[in-house]
Amino acid sequence: MTELEQYYNKFNEEKRLQSRHGQVEYHTTMHYIHRYLDILKNEPENVTKQDGGETDPCGDIDQQPVRIIDIGAGTGRYSVALADEGYDVTAVELVKYNLGILKQKGANVKAYQGNALKLKRFADNSFDLALLFGPMYHLHSDEEHVQALLEAKRVVRSGGYIMVAYVMNDYSVIKYGFMENHIAERVKRGELTDDFQILHNDKELYDYARLEQIDAWNATAGLSRELMIAPDGAADYIRPMLNAMDEETFELFLQYQLKNCERQELLGASSHTLDILQV
């Protein structure tokens with residue numbers, strides 16, 4: 001069993017996304033998933049009218065629904081929700097434990113064990129939208145990051161979209177380094193550059209990105225950005241305050257997050273970014 005499998009056998013991703021800070025990330029991410037699903041559904045070839053003048057909610061009545069592949073699907077938080085909405089969802093997950101939980105949910109999701117670097121099970125141009133939410137956290141070289149993007153690009157048809165999540169460098173430096181007082185030991189071990197960029201290290205479970213690195217990976221993979229957002233913004237920094245909020249105040253925070261998550265000055269310090277790319 002790999003270190004990654006051991007970690008996810010113990011880590012409760014469901015609980016994280018149901019926490020207050022996890023709800024901020026999930027709510028924001030789903031908002032943008034639906035925005036781009038609407039774009040895909042409203043493409044000319046997908047818009048035909050039923051007798052009553054209404055369009056099918058998940059695509060054309062004479063065609064298959066929008067096809068989604070969730071690469072690194074975890075326990076299926078996104079896959080299951082989207083399948084329940086009627087979308088054609090395929091999930092790929094490396095960790096057997098997570099895959100087992102996903103399958104136990106009984107949703108209409110086609111679920112397979114697989115690796116984001118080798119999606120050989122799937123033909124070119126098989127999907128309209130790819131979600132790549134977990135794998136980039138655990139890849140440790142420029143080549144691996146580009147390979148994951150290229151595989152997602154290969155299986156998504158021209159004009160489709162890829163949504164990619166990253167854990168951000170400066171979030172880790174601020175939160176784990178300074179707020180949790182590990183920065184001095186990490187500097188002494190030579191794990192950061194002199195401008196506080198965390199170096200790739202395949203002995204570490206997580207890898208952290210800066211915006212300029214993400215831009216370089218996209219350029220190498222030949223992918224163009226539609227939009228980049230901060231799906232959790234300040235939420236990870238203020239977990240105790242979020243947990244103490246009454247429901248009305250928390251709802252206002254969710255509104256604040258949606259109104260501000262596209263502001264470019266907030267991206268680098270967010271714990272995650274969501275990069276939305278067009279093939």
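Which ring does the charged end of R77 sit over? The ring is that of Y26, and the charged end of R77 is 3.8 Å from its centre. A charge counts as sitting over a ring if NZ of Lys or CZ of Arg is within 6 Å of the ring centre and within 35 degrees of the ring normal. There is another case: R20 lies over the face of F250, 4.2 Å from the ring centre.

Before I go on, the conditions. This is a predicted model, in which local features need pLDDT of at least 70 and side-chain atom pairs count only at pLDDT 80 or more, while totals for chains, interfaces and linings use all residues. Residues are numbered from 1 along each chain as its sequence is written, and side-chain values use heavy atoms, with hydrogens and water left out.

Now the overall picture. The protein has eleven helices and seven strands; these are DSSP runs, numbered from the N terminus, with helices being H or I of at least four residues and strands being E of at least two. Of its 279 residues, 51% count as buried. Buried means under 20% relative accessible area, exposed means over 50%, and partly exposed is in between, with a 1.4 Å probe and protein chains only. The protein exposes about 13,600 Å², and carbon and sulfur atoms supply 51% of that area. Areas come from the Shrake-Rupley method with a 1.4 Å probe; for residues, only the protein chains shown count as cover. As for contacts, meaning heavy atoms within 4.5 Å, take those with a separation of 6 or more: residues 24 or more positions apart account for 71% of them.

Next, the cores. A nonpolar core here is a set of buried Ala, Val, Leu, Ile, Met, Phe, Trp, Tyr and Cys residues joined through side-chain atoms within 4.5 Å. The largest has 39 residues, and I33, L37, I68, L82, L129, L131 and M163 touch the most other members. Helix 3, residues 20-41, gives the most to this core, with seven residues. Take L37: leaving aside neighbours within four places in sequence, L37 is in contact with V66, I68, L82, Y87 and L129. A second, separate core has 31 residues, including L117, L149, V155 and I214.

I68 also turns up among the contacts of T90. T90 is in strand 2, residues 88-93, and is buried, with a relative accessible area of 4%. Beyond its neighbours within four places in sequence, T90 is in contact with I68, I69, D70, K110, Y112, F122 and F127.

I214, from the second core, is one of the buried residues of helix 9; the others are Q213, W217, N218 and A221. The arc is that of the directions from the helix axis to the C-beta atoms. They pack against helix 6 (142-155), strand 5 (156-167), strand 6 and strand 7 (272-278). The face turned away from the buried side carries the exposed residues A219 and T220. Just after helix 9, G222 takes a positive phi of about 70 degrees.

Helix 5, residues 96-104, has N98, L99 and L102 buried. Seen down the axis, the buried residues of helix 5 fall within an arc of 100 degrees, so they line one face. K96 and Q104, on the other side of helix 5, are exposed. G106 follows helix 5, and its phi is positive, near 70 degrees.

Last, the rings. The structure holds eleven aromatic pairs. Rings of Phe, Tyr and Trp (its six-membered ring) pair if their centres lie within 6.5 Å; planes under 30 degrees apart count as stacked, over 60 as edge-to-face and the rest as tilted. Y171 and Y237 form an edge-to-face pair, 5.5 Å centre to centre with 70 degrees between the planes. The pair links distant parts of the chain: Y171 is in helix 7 (169-179), Y237 is in the loop between strand 6 (224-229) and helix 10 (239-244), and they are 66 residues apart. Y171 counts as buried, at 13% relative accessibility.

F178 and F196 form a tilted pair, 6.4 Å centre to centre with 45 degrees between the planes. F178 is in helix 7, and F196 is in the loop between helix 8 (183-188) and helix 9 (211-221). F178 is partly exposed at 49%, and F196 is partly exposed at 34%. Ring pairs also link Y26, Y78 and F133 into a cluster, and Y26 is the ring under R77 that I started with.
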